[in-house]
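The sequence and coordinates are shown first.

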Amino acid sequence: MSLALVTAIGVLFAVGAYLLLQRNLTRVLVGLGMLAHGVNLMLLNASARLGSAPLVDGREGPVSDPLPQALILTAIVIAFAVTAFLLALAVRTWAATSDDFVEDDFEDRRIASASSGEQS
Amino acid sequence: MLGIALAVVFLVVLAAIAAVLVWERLAPRTAHRSAWLAAAAVSGFALVALFDFDQQKAGFQWVPDLGLGFEFTLDAFSALFLVIIGVIGVFVLAFTARYQRGKAGTGRFVATTLAFAASMAGLVLGSDVLTLFIFWEATTFTSYLLIGHQHQSEAARRSARQAALVTGAGGLAMLAGLILLAEEAGSTSIESIVAAAPIGGAAWVLVLIGAMTKSAQFPFSGWLPAAMAAPTPASAFLHSATMVKAGIVLLGRLGPGAGDVGWWVPVVTTVGLVTMLYGAVKALRQVDLKLLLAFGTVSALGLMFAAVGSGVPTLVVAGLAVLVAHALYKSALFLTVGVIEVSEGTRDLRQLGHVGRSRPLVAIAVLAGVASMAAVPLTLGFASKEVALEAYLGESSLSGWLVALLSALTVAYSVRFAASLFADKRAGERPRSDRGLLGPVLVLTLAGIALGLAPGILAGVEGDAAVALVGQASPPKLVIWPGLVPAFGLSLLGLALGLGLGMWSLRRPDPAQGSAQQFDRGIERMQLLAERVTSIIQNGSLPVYLGQILLVAVVVPLPALVRNGALPVPPVGGVIEWVIVVFLVAASLALLRVRRRMSAVLLLGAVGYAMSALFALAGAPDVAITQVLVETLVVTLFALALRVLPLQFSGRLVFVPWKGLVAVLVGAFAVVVALVPGSASPSPVSDTHLALSVPEAAGANVVNVTLVDFRALDTLGEIAVLGIASLGVMALVRPLGQIVGGSAFAVRRSPILDRGAAIVNPLLLVFALYLLLAGHNQPGGGFAAGLVASGWLVIVWLSSGAVGVRRALRVEPSMLIGIGLAVAVVTGLGGLAWADAFLASASWSINGGPLGEIKLVTPLLFDAGVAITVLGSVAGAIRGMEAT
């Protein structure tokens, strides 16, 4: 754990969240990638100790905690899969609407306006 | 012994249910006779009660690890209830056999009634709160089916729904309360809970709510009158004699444990007496005989609730006496109403004035039942009401007077009930045949009269039942003539008052507004509220939804996170670390300003490379390698997608304050999580991994060993997800090739690239193979190997296009994914062969001659599967994207 790492975590999460809250799918996608980076750093931060690579080869000195590394490795690959899938969705959305822009959900809008219509 | 007896009875009941249903299917015209079979089965419950009930226990474990099991105890209290269930059940079913003649759905009705009887028996026998709860819910369910028996009728369905909603919600509240009590007492057994006398206020409130809904206490009374939509035998059985007393059973069992809760007795007494008043006043305004009886039941339940729920010995005894008397006279009266309904075709008391004269036997049944209900001397109702009055006078004169005055209201609605049947002097139309329905009713009535003349018979049984609940109690003084005691005086006063009030009420025979409408309005209001809330929080905007999710995720765990006070200040970190972090932060912030998609993608890539630098610095070479490779592929995929998507974003990123606030909160939350003490702790799991890596898995790279051996099942799941995502990409994008008429990427052959590729490509493949083979002991592994091979594929594609890729791969990407997964799964299955566990590893050393000793490990094969799946997935994604 170090101040540098914690700073990076905070910035990655904040920027990731802000981009996630956009309507442009490409930005959402980038935001998701940033959040994934933030989570991975957080896992690294949770390491019991840092040191040399966790190779059992008779070297002296502290060895890094291997478990978070295994988790991060898994997370990186899964994030890659999700990114590829979302990218395909963005391309598909563009093909359908000529933009990769998330519109309001029509059905939800209808329910909301039906309810407010009853109130008046 | 008890266990065997119970098992036999429950099996007989189950068999009877099956028989009844088959009967209806085979011979619907005679299905009503199956009720006799049911009556025989139900009488088993009364027989079980004949056991020597010195706390006989039975039960079986269900989930022993969680302490879940079915536990039953046969004591005097459950025996008393079993007798009520058995005896009333027999009469009700005998009645049913005639009442249901020629009606459709008789088998269903009888079967449900039987199922109810079994549920109720389980409820009173349950000596474990979870057992009790399960049977409690079973009675709710069977009650729902019986109320809605005439399911073609909208009103019946509505009533069933109301009963199920009210008692079901109460049941859930009760479950929460019971769990809290069990937690505090450290056991789910009722005995231990009562002994522990928990003082958790919330727990007792929740339990009380459960009991109140089930026993129709004010303000949850509305469902009981509505439940009169059920066929009359069901009303007599469930909604007067047995099920509605479940709340009282619950309080009787647990009430003695509430002794240390200060508000318990006053609150239970108030609830009961208010219900008594409410039910009686409502009963006085009914014109439907059945509804009148239903509100009368609500009123009577109020008294029992107050008395039994208090846990005070004298009151519990009195409450039980009232309970027994009530079960007897109320079920008889309900059945009598059933007779009148069949023979006269109506239950409206304004049209039934002639019945008293034209049907003398019915008149006798009515008078005997009503006399007991109004507590006229020489009836069982009188003897038990005297006991109750004595008990309440013993508590305080105020409570005695209150009960006496409220009893006057009982007298009043009893008078209203009886007098209305004798109001008309002229004889009515000739009544239709009642098809022998009167038989069971008269037997029940005679039993009531007999017990009224010798009430002392019951004293011992009721006394024992009370002892089973509260430990020590003296049997009730059930006598015909109590002598000139204050309670008797109050009784006479009540009778006189009630007589006047009842006669007066007959002059105002206007039907009262049912509580059903109120319930429906309540439901409507709830739906309106739900719509309004929905329109606010679910306005259709995706950013708003995500913002809500993020806010909840950030705010809810915060109290738990900062519970331990100040956060520690971490060490500052090294210079190199800071240089990387500053670069990372700069790239991240720049992402908020960019206007071109390609710039955004490149910045994301920059952040990724900074990440891998951080990993390398932290002693995580495997992760660093993977991160670099993945980042390269992500940029490649984006580049492909950007051939379709416009280069510029459609608008600048406009700052929206609330989004900024959420983002800052999320960032701050992440910092807190990272800093909270305990988020990084010495992990014994890792130490085990480090220690076991070489001896158990024959690998020196612990990260790789973790992925392909210790946690190989996770990895198998992960590559499956990867493959599925890739198939998804292909399915989503490939058809677009036709839709947008995209040209297959026109390859501009570049000689330099071609030459370069010719040199680099073989090296990449060799490197991938090396990573795969060495990965078990050195940084590398299947993921890295698959990704490097994917890099080779990208270069092939760049230099010679889709055709080149197809030529280089020879198989379809989806086939490659399948092969990779199959290799991994087959390796895992091999583990079953050599180590009796899926994915277990094994290693063999073979003499390689000049190469020295070669170690073969099965995880290597598994890792090959991983690498193939990764290659196939990336190939699929590229092929998909490339098709646009």
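B:S541 is buried, its relative accessible area being 5%. The structure discussed here is a predicted model. In chain B, the loop between α22 (515-537) and α23 (542-555) holds B:S541. Once neighbours within four places in sequence are set aside, B:S541 is in contact with A:R23 and A:D104.

**Buried loop positions**

B:V287 sits in the loop between α12 (264-283) and α13 (289-310) of chain B. B:V287 has a relative accessible area of 9%, and because buried means under 20%, B:V287 counts as buried. In sequence, B:V287 and B:L506 are 219 residues apart, yet their C-alpha atoms are 9.5 Å apart in space.

B:A197 belongs to the loop between α7 (190-196) and α8 of chain B. With a relative accessible area of 19%, B:A197 is also buried. The areas of these loop residues are collected below.

| Residue | Relative accessible area | Loop of chain B |
|---|---|---|
| B:S541 | 5% | between α22 and α23 |
| B:V287 | 9% | between α12 and α13 |
| B:A197 | 19% | between α7 and α8 |

**Backbone geometry**

Which value does phi take in B:A197? It is near 45°, a positive value in a residue other than glycine. B:L378 is likewise not a glycine and has a positive phi of about 75°. The location of B:L378 is the loop between α16 (360-373) and α17 (380-395) of chain B.

A further backbone feature concerns a proline. The peptide bond that leads from B:F218 to B:P219 is cis, and its omega is near 5°. B:P219 lies in the loop between α8 (201-214) and α9 (223-226) of chain B.

**The strand pair**

Strand β1 (residues 56-63) of chain B pairs with β2(B) in the antiparallel sense, over seven bridges. Together β1(B) and β2(B) form a hairpin in which four residues lie between the strands. B:G67, in the turn, has a positive phi of about 70°. Individual pairings can be named: B:K57 has B:T73 of β2(B) as its bridge partner, and B:G59 stands opposite B:E71 in β2(B). Strand β2 of chain B covers residues 68-74, and five of its seven residues are buried, so this strand is largely enclosed by the rest of the structure.

**Helix packing**

Two packed helices are described by the angle between their axes and the distance between the axes. Helix α27 (residues 621-641) and helix α36 (residues 858-882), both of chain B, have axes that come within 9 Å and cross at roughly 20°. Because angles under 35 degrees count as roughly parallel, α27(B) is roughly parallel to α36(B). The crossing in which α27(B) passes α36(B) is left-handed.

Which residues make the contact? On α27(B) they are B:L633, B:L637, B:L640 and B:A641, and on α36(B) they are B:V874, B:A877, B:I878, B:M881 and B:E882. By class, the contact of α27(B) with α36(B) comprises eight nonpolar residues, no polar residues and one charged residue.

Conventions:
Residues are numbered from 1 along each chain as its sequence is written. Chains are lettered from A and ligands numbered from 1 in the order in which they are written. This is a predicted model: local features need pLDDT of at least 70, side-chain atom pairs count only at pLDDT 80 or more; totals for chains, interfaces and linings use all residues. Side-chain values use heavy atoms; hydrogens and water are left out. Axes are lines fitted to C-alpha atoms, for helices over the stretch in contact, and angles run from 0 to 180 degrees between N-to-C directions. Helices (H or I, at least four residues) and strands (E, at least two) are DSSP runs, numbered from the N terminus. Angles under 35 degrees count as roughly parallel, over 145 as roughly antiparallel, 65 to 115 as roughly perpendicular and the rest as oblique. A crossing is left-handed if the near helix is turned anticlockwise from the far one by less than a right angle, and right-handed if clockwise. Contact means heavy atoms within 4.5 Å. Ala, Val, Leu, Ile, Met, Phe, Trp, Tyr, Cys and Pro count as nonpolar, Asp, Glu, Lys and Arg as charged, and the others, Gly among them, as polar. Buried means under 20% relative accessible area, exposed over 50%, partly exposed in between (1.4 Å probe, protein chains only). Two strands pair if DSSP finds at least two bridges between them.
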